[in-house]
Amino acid sequence: MTSLDKPTTEETSADDTSAEDARAVTEAALFEAFGGVRGMVETVLPGLLFVSIYTVNKNLHMSALAALGVALVMVVVRLVRRDTVKHAFSGVFGVGFGVVFAMMTGNAKDFYLPGMLYTLGLALAYIVTALAGVPLIGLMLGPVFKENLSWRTRNPGRKKAYTKASWAWGLILLAKCAILFPLYWWADTTQLGWVLVALKIPPFLLAVYLTWVFLAKAPPPIDVFAEMEAEERAEEERKAAAAEVDNEGAPAGRHRRR
């Protein structure tokens, strides 16, 4: 390779910096979309409290109300601090449905059933949307990256990454369901509860990591919001220029009429 073929130090540094910026943006977007450490705590804590209390005293009502209470407290804390409440609210709804199911049937294992059905439905949604060419991960993260749906038609490399990520999420969640549903039928409440708590974070982290790997290697997102703002500025400049031309031509026109 000749000296002309070799990239300069400045070009290499610029490429490295650009790649690092892209990875940082991807990490920040994933952190925001999936709630980060606090979101994981809010996801795990109600179920952990339920199974802990039930393991000690086998009291369904006390365990269910304690789980629902801590979920509500986490929502109130977020509201007081004016933080994003979507992750906490989703936890409250999940716990609430679990409490209703368990109270109606009198079976403590039914506390976990709504969450398990939701996980199964979400796994199928990831796979079906990936097969349909509209991967769910892209629909979720597009607004976060300010690209909306531009990746579908204008950024094929990014669409491919979203498709791979959706497959990863779908298969990981299906594997999780393949473990939990047999336990729902054959294991007791405490065994199911502790296994479910143990499987809350590791599959999630694996799916997030794979998503980060796929997106870090993909082309950068197209900022459609910046494009719209640029178009608006250009339109305003065109209108201003046309107004200036009209103002300059007006005196001449009046002079000719005289």
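Let's start at Phe50, which, leaving aside residues up to four places away in sequence, touches Leu60, Ser63, Ala64, Ala67, Ala108, Phe111, Tyr112 and Thr189; contact here means heavy atoms within 4.5 Å. The model is a predicted one, where local features need pLDDT of at least 70 and side-chain atom pairs count only at pLDDT 80 or more, while totals for chains, interfaces and linings use all residues. Residues are numbered from 1 along each chain as its sequence is written, and side-chain values use heavy atoms, with hydrogens and water left out.

Now to the core around this residue. A nonpolar core is a set of buried Ala, Val, Leu, Ile, Met, Phe, Trp, Tyr and Cys residues joined through side-chain atoms within 4.5 Å; buried means under 20% relative accessible area, exposed over 50% and partly exposed in between, with a 1.4 Å probe and protein chains only. The largest such core has 26 residues, and those touching the most other members are Phe50, Leu60, Val95, Phe111, Tyr112, Met116 and Leu180. Two or more residues each come from α2 (36-57), α3 (60-81), α4 (86-105), α5 (113-131), α8 (156-186) and α9 (189-198), and α3 gives the largest share, 5 residues. Helices are DSSP runs (H or I, at least four residues), numbered from the N terminus. Apart from this core lies another, of 18 residues, including Ala123, Leu136, Trp169 and Leu173.

Let's turn to the backbone. Most residues other than glycine have a negative phi. Lys58, in the loop between α2 and α3, has a positive phi of about 55°. Lys146 also has a positive phi, near 65°, and sits in the loop between α6 (136-141) and α7 (150-153). Lys146 is partly exposed, with a relative accessible area of 46%.
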